[in-house]
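Please look over the structure below before reading on. The numbered points take up a few local features in turn.

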Amino acid sequence: MKKIFVFALLSVITLAANATDLFTGNQHVTWGEGLQFEAAKFADAKAGDKIVINYADASDGIELKVMNENFDRLPGSLAWKGINGEGTVEQFLTSAAVAQLKQYGLEVIGANFNVTKVELTEGKDNVTENTAWTGYFWMDEWSTLEIVKTSFDGVNWTNVKAIRFSSEANRTDYVINVMTDWAADAKIADQTTMTMTNEYAELNLDGIDMPAFLAKSDRLMIQCNKEGGDPFNFTSVELVMDASGINAVESTSTSVIYDITGRKVSSDAKGILIVNGKKYIK
């Protein structure tokens with residue numbers, strides 16, 4: 001019995017050690033005045049980590065923005081996240097999100113709710129530099145996952161051969177639509193034009209002008225209906241690259257540079273680098 005108690009206690013201590021407390025209190029948030037975190041708060045953040053936001057007294061929505069000159073939405077975040085009452089929002093970090101947070105910091109905004117706690121914790125493994133979004137999004141009756149367009153900033157689409165939408169469905173009989181708006185001409189593809197497996201749906205981009213689609217909207221929308229099966233989670237949106245699918249390096253002399261793990265590196269560093277949220281090879 002004592003061994004079980006000690007093991008449980010050690011587990012709790014380990015979990016606590018893997019979480020960084022970014023904020024504890026009771027901060028009121030509006031669309032005009034958010035809760036801000038300076039870039040130094042994310043010095044140890046890495047791709048796959050998650051930001052956990054506890055809130056109360058909510059009745060609308062929440063957005064996550066980076067504190068650059070345009071206050072762009074955080075790469076890999078949802079275009080809209082409805083919240084109500086008391087609860088928790090989890091934001092898993094992509095490589096692009098980590099680079100932006102380390103350079104600019106974060107602002108949490110929304111409609112008249114209170115933030116009570118914000119933590120940075122361990123999240124997922126195997127989040128790569130080609131992950132545009134990762135998390136757990138519940139797909140049921142025509143659910144729609146809407147990720148912000150900044151998730152694709154810096155992507156050279158000529159080097160991307162497909163977009164892979166991974167799930168926990170373990171079947172191919174669900175209905176899926178990929179689009180940038182509800183208009184008919186904004187529909188990019190559906191399940192009849194994708195490769196469907198038990199783990200993912202993959203959209204081949206041959207003949208598809210992704211920059212033109214994204215130019216018309218601020219988001220990419222993945223709509224899904226479970227059809228006759230059970231609901232399931234979507235878990236990631238990945239860019240499937242050609243063998244040459246990394247951009248040539250640009251000048252990095254005046255920019256903050258990170259490697260693919262999110263660590264700040266010098267301007268003479270070699271390998272895959274992230275500069276201003278864009279991926280390069282040097």
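1. Start with N126. N126 sits in the loop between strand 8 and strand 9. Strands here are DSSP E runs of at least two residues, and helices are H or I runs of at least four, both numbered from the N terminus. The phi of N126 is positive, about 60°, although N126 is not a glycine. Its relative accessibility is 72%, so N126 counts as exposed (exposed is over 50% relative accessible area, buried under 20%, partly exposed in between, with a 1.4 Å probe and protein chains only).

2. A note on the basis. This is a predicted model, where local features need pLDDT of at least 70, side-chain atom pairs count only at pLDDT 80 or more, and totals for chains, interfaces and linings use all residues. Residues are numbered from 1 along each chain as its sequence is written, and side-chain values use heavy atoms, without hydrogens and water.

3. Now N112. N112 lies in the loop between strand 7 (106-110) and strand 8 (113-121). N112 also has a positive phi, about 55°, and is not a glycine. N112 counts as partly exposed because its relative accessibility is 45%. Most residues other than glycine have a negative phi.

4. Five strands form an open sheet in the order 9-17-11-15-14, with antiparallel pairing (two strands pair if DSSP finds at least two bridges between them). Strand 9 (131-139) and strand 14 (195-196) are the edges, each pairing on one side only. Strand 14 runs antiparallel to strand 15 (residues 200-204), joined by two bridges. T195 stands opposite E202 in strand 15.

5. Last, S166. S166 belongs to strand 11 (residues 160-167). Is S166 buried or exposed? S166 counts as buried, because its relative accessibility is 14%. Beyond its neighbours within four places in sequence, S166 is in contact with E199, Y200, F234, T235 and S236 (contact means heavy atoms within 4.5 Å).
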